[in-house]
Amino acid sequence: MTPAAKPQVSEITTPPTSPAAYDLHKIRRDFPILCQRVNNRPLVYLDNAATTQKPRVVIDAITRYYESGNANIHRGVHYLSQHATQEYEASRETVRRFLNAADASEIVFVRGATEGINLIAQTLGRTRVQAGDEVLITAMEHHSNIVPWQILCGEKGARLRVAPINDAGELILDEFTHLLGPRTKIVAVPHVSNALGTINPLHRMVELAHGHNAAVVVDGAQAVSHLAVNVRALDCDFYVFSGHKVYGPTGIGVLYGKAALLDAMPPYQGGGDMIRSVTFEKTTYNKIPYKFEAGTPDISGVIGLGAAINYVNEVGLDRIAIHEQDLLRYATESLSAIPGVGLIGTAKEKAAVLSFVMDGIHPHDIGTILDEEGIAIRTGHHCAQPVMDRFGVPATARASLGLYNTREEIDGLVKGIEKVRGVLG
Amino acid sequence: MPDLRELYQDVILEHSKAPRNYRELGAANRKAEGFNPLCGDRYIVYLDLDGDAVRDIAFQGSGCAISKASASLMTQSVKGKTQSQIEELFQDFHKIVTGQTSAESSAPEVGKLSVFAGVSAYPVRVKCATLAWHTLRAALAGGDQSVSTE
């Protein structure tokens, strides 16, 4: 059996660069969207925490699947079905390596980080959390790591507790420690804060939570594109992320869970593919991860996500981190030097996210004026209203950087902010 | 490309920096809260209704220049008007910010509110311009109410 015909892709003929070189020009050429103009200006895309752009290899992988590989998985004996199944499962293995999970069966494909958290809350949560128990989160959560636990606690008569953060936007570890106790059944924390950029000391937090036998759920949505994740070294019980925030397609995400926990959890949704046998009297469920993948999944999304992770691996997360940290330093200095601009979130350990406010000017107006300059940032509460309350601001403007951003773009942002001041005074 | 100065006209900037009737209204017999969950803009509109007419109106809250200026100008333009007059004014205002009527051809009652015509070139900002109005309508409709743009 021969693999499906692949479209001819011309080989890149530029000479190989040294491993240390970060070829920003080549990287930017990998992303078709970046060469367009917005409002007659070159697009400056600084909204990567909302979603990242997609490299050509991801777009091609999805196109190739639909043009020459489309079939349903895990059921057909025919060639295309087998081929689609192979590609789908190859992506699962790619994700396993990406997170350094022990086994591919610990990788469940979901719609995104949000669905991953809801799945855990509705399965592990419902069986483990009882009246009087506690779920511990932090004050820097995205709504997606608040509301599913609120729903669960409401149903069970359990208590949602919140570990506070300091003025820099860092978790106060002592307070976190004090909030842990015999009633703490689940600890759900972000690896990186979406609104502040704070990188949490996960290793220590997991250790502390496990000291009280709590299961630890990590929202990795904002982490996986910025830093290498090793779930076995972290020893977290669950880790979720969204494909579209790591240069992959929307609508696909990953739930990692330790096999023993996933095995013991009841299914989330019933349907095809998640069963072993069905009669009207009784159904036995499939093994993990299939037990949690009811119905035809987003096959093209999974294949696209695999291509995205391969791309990130090729560029190298260590080199991406060096590039982004350099940009973050540069941007922090540049923005801090503008009178009347204040940064929200100044943690020592920080990913390339810059939330800021301007004296007397609402973020929404900043966003509109920057858009005129072709600069895309996010303005608003970033689905983290409690974070805004903590810092006493209704909203912030947020520039979030990705592997393709440049110092020139930061200079453009600074010029744009000066224009905001010019227009609004 | 739309012109930023059309959006951020001097009258709008001036009202956003020094909003009129920006206070809690002690004599209020109606109030409502308006919230745009997408951007976090939030206003409270206080009303002192004398029968069917607005004897006094005030507002408080936070939001962008467009939403705050709109709230400020709204309080000026509805004082002394009846509910049906206010509803008519809102409909005229809505036509202007959505580009269905030009500032020149708008009803004379609209007056200063026509400075918001520039909003029509920025569809995502229409909700900013109308938030206070929706809040006012909720207050007129009765009781302590909360409205959302979504």
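Analyst: A:Cys383 counts as partly exposed because it has 19 C-beta neighbours inside 10 Å. The cut-offs are these: 20 or more other C-beta atoms within 10 Å of a residue's own make it buried, 12 or fewer make it exposed, and anything in between is partly exposed, with C-beta atoms placed from the backbone. This is a predicted model, in which local features need pLDDT of at least 70, side-chain atom pairs count only at pLDDT 80 or more, and totals for chains, interfaces and linings use all residues. Residues are numbered from 1 along each chain as its sequence is written, while chains are lettered from A and ligands numbered from 1 in the order in which they are written. The score pLDDT is the predictor's confidence in each residue, from 0 to 100.

The backbone of A:Cys383 stands out. Its phi is near 55°, a positive value in a residue other than glycine. Most residues other than glycine have a negative phi. A:Cys383 sits in the loop that links S16 to H13 of chain A. Such elements are DSSP runs numbered from the N terminus: helices are H or I with at least four residues, strands are E with at least two.

Follow the chain back to S16(A). This strand pairs with S17(A) in the antiparallel sense, over 3 bridges. Pairing here requires at least two DSSP bridges between two strands. A:Gly380 faces A:Thr396 in S17(A). On its S14 side, S17(A) is joined to strand S14 (residues 353-358) of chain A by 4 bridges, again antiparallel. There, A:Val353 has A:Ser400 of S17(A) as its bridge partner.

The contact between the chains takes 17 residues from chain A and 15 residues from chain B, where contact means C-beta atoms, placed from the backbone, within 7 Å. On the chain A side, helix H12 (363-372), strand S16 (378-380) and helix H14 (407-424) each supply at least two residues. H12(A) gives the most, with 5 residues. By class, this side of chain A has 6 nonpolar, 9 polar and 2 charged residues. Nonpolar means Ala, Val, Leu, Ile, Met, Phe, Trp, Tyr, Cys and Pro; charged means Asp, Glu, Lys and Arg; the others, Gly among them, are polar. For confidence, the predictor gives the complex an ipTM of 0.86 and a pTM of 0.91. Chain B has a mean pLDDT of 91, and 95% of its residues reach 70 or more.

Chain A is assigned domain 1 (26-48 + 316-424) and domain 2 (66-313), with bounds from an automatic or database domain assignment. Their C-alpha centres lie 28 Å apart. The contact takes 22 residues from domain 1 of chain A and 22 residues from domain 2 of chain A. In domain 1, helix H11 (317-336), S14 and helix H13 (385-391) of chain A each give two or more residues to it. H11(A) has the largest share, 4 residues. This side of domain 1 divides into 11 nonpolar, 5 polar and 6 charged residues.

A:Tyr247 lies in the loop between strand S9 (238-242) and strand S10 (253-257) of chain A. Is A:Tyr247 buried or exposed? A:Tyr247 is buried, because 29 other C-beta atoms lie within 10 Å. The other case is a peptide bond: A:Ile288 to A:Pro289 is cis, with omega near 5°. A:Pro289 falls in the loop between strand S12 (283-285) and helix H10 (299-315) of chain A.

S9(A) and S10(A) both belong to an open sheet of 7 strands, ordered S4-S10-S9-S8-S7-S5-S6 in chain A, with mixed pairing. Its edge strands are S4 (107-110) and S6 (159-163) of chain A.

Key: Two residues are in contact if their C-beta atoms, placed from the backbone, lie within 7 Å.
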